[in-house]
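Have a go at each task before you read its solution.

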Amino acid sequence: MATNIISFSHVHKGFGEGEVISDLSFDIPEKGIFVLVGPSGSGKTTTLKMINRLQDVDGGTISYLGKDVKDYDLRALRWQIGYVLQQIALFPNLTVRQNINLIPEMQHMDAATKEKRGDELLTAVGLPPKDYNARYPRELSGGESQRVGIVRALAADPPTILMDEPFSALDPLSRRQLQDLVLTLQTKLQKTIVFVTHDMQEALKLGDQIAVMHNGRIEQQGTPENILTHPATQFVASFFVGAHATSPQNTLGELIAAGYARPVAATADYVPARTQLSAVLPALSRGESVIFKLEQQYYQIDAARVLHFLFPDSVE
């Protein structure tokens, strides 16, 4: 069973005379992607900011690694928690490499380790160091800037990363590419990522666990498949209406909730449930079936089932 790295216990937060967060209690397991999703004004960004004390609680407690966040030295707490913003917030007067090295230098990381890690991370996000080290933020596209922002958050190797709607301002192609990048990096680095979004498709694609927020409360917390197939409240059910909008970017796991995958016996030859349809279309086009695993159950799909899923009104 996963260890909880962050715990909220009866947390309250208000601004002025209004309460934004109401008696919030939940746990975030380590080394997974935990998504806070909900409409604007639901309290998800405020919840995120209370983890690294950009906002302080008015009541209740938040613990990080078993210790109340208020008992940490503030700088020490934030050094353990990387932060990626929607606005990116790179320092315009610093080069890409200088932006990346800010926290490692503050932590007195030795030069060899700092340079090695910076090179590895830039390469991992598709920005060759020799081409990007000396560039300034004004010389980057939106997607490139956000990749640098991700590298900067990871540069000091913190166990936890907070991501506040980091891709919402990007075009759809850049957004999909960066979502895929987060999943790839997570497979390699195994961080705890707390990710805020208002986009249900993004939540379903990225989340190992999803917490659906509404009016400062969590309506439901669980796996993407559990929330899709067993919504706990009418709000959750209505919020995820349209989550089955179909395209090759849908994951295999989404075919379960839509009724297009059938259970089969266990096998050693399978792919993960979060694999996108686009990745298995070549095999399906050759007449092969594809087996994937979700939790402890195995499922099978074939070309006919996928065609019905993608084009329900045009396939007899």
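**Exercise 1: the largest pocket**

Sort the lining of the largest pocket by residue class, then find where that lining comes from.

Step 1. The lining splits into 11 nonpolar, 9 polar and 10 charged residues. Here Ala, Val, Leu, Ile, Met, Phe, Trp, Tyr, Cys and Pro count as nonpolar, Asp, Glu, Lys and Arg as charged, and the others, Gly among them, as polar.

A word on the model: it's predicted, so local features need pLDDT of at least 70 and side-chain atom pairs pLDDT 80 or more, while totals for chains, interfaces and linings use all residues. Numbering starts from 1 along each chain as its sequence is written, and side-chain values use heavy atoms, without hydrogens or water.

Step 2. Look at the middle: of the 30 lining residues, Gly207, Asp208, Ala273, Arg274 and Leu294 lie nearest the centre. (A pocket is an open set of points on a 1 Å grid over the protein atoms alone, where a 1.4 Å probe fits, with protein on both sides within 12 Å along at least five of seven lines; lining residues have an atom within 4 Å of a point.)

Step 3. H7 (172-189) is among the elements supplying at least two lining residues, and its 4 are the largest share. (Helices, H or I, at least four residues, and strands, E, at least two, are DSSP runs numbered from the N terminus.)

**Exercise 2: the second largest pocket**

Step 1. By class, the lining has 13 nonpolar, 2 polar and 3 charged residues.
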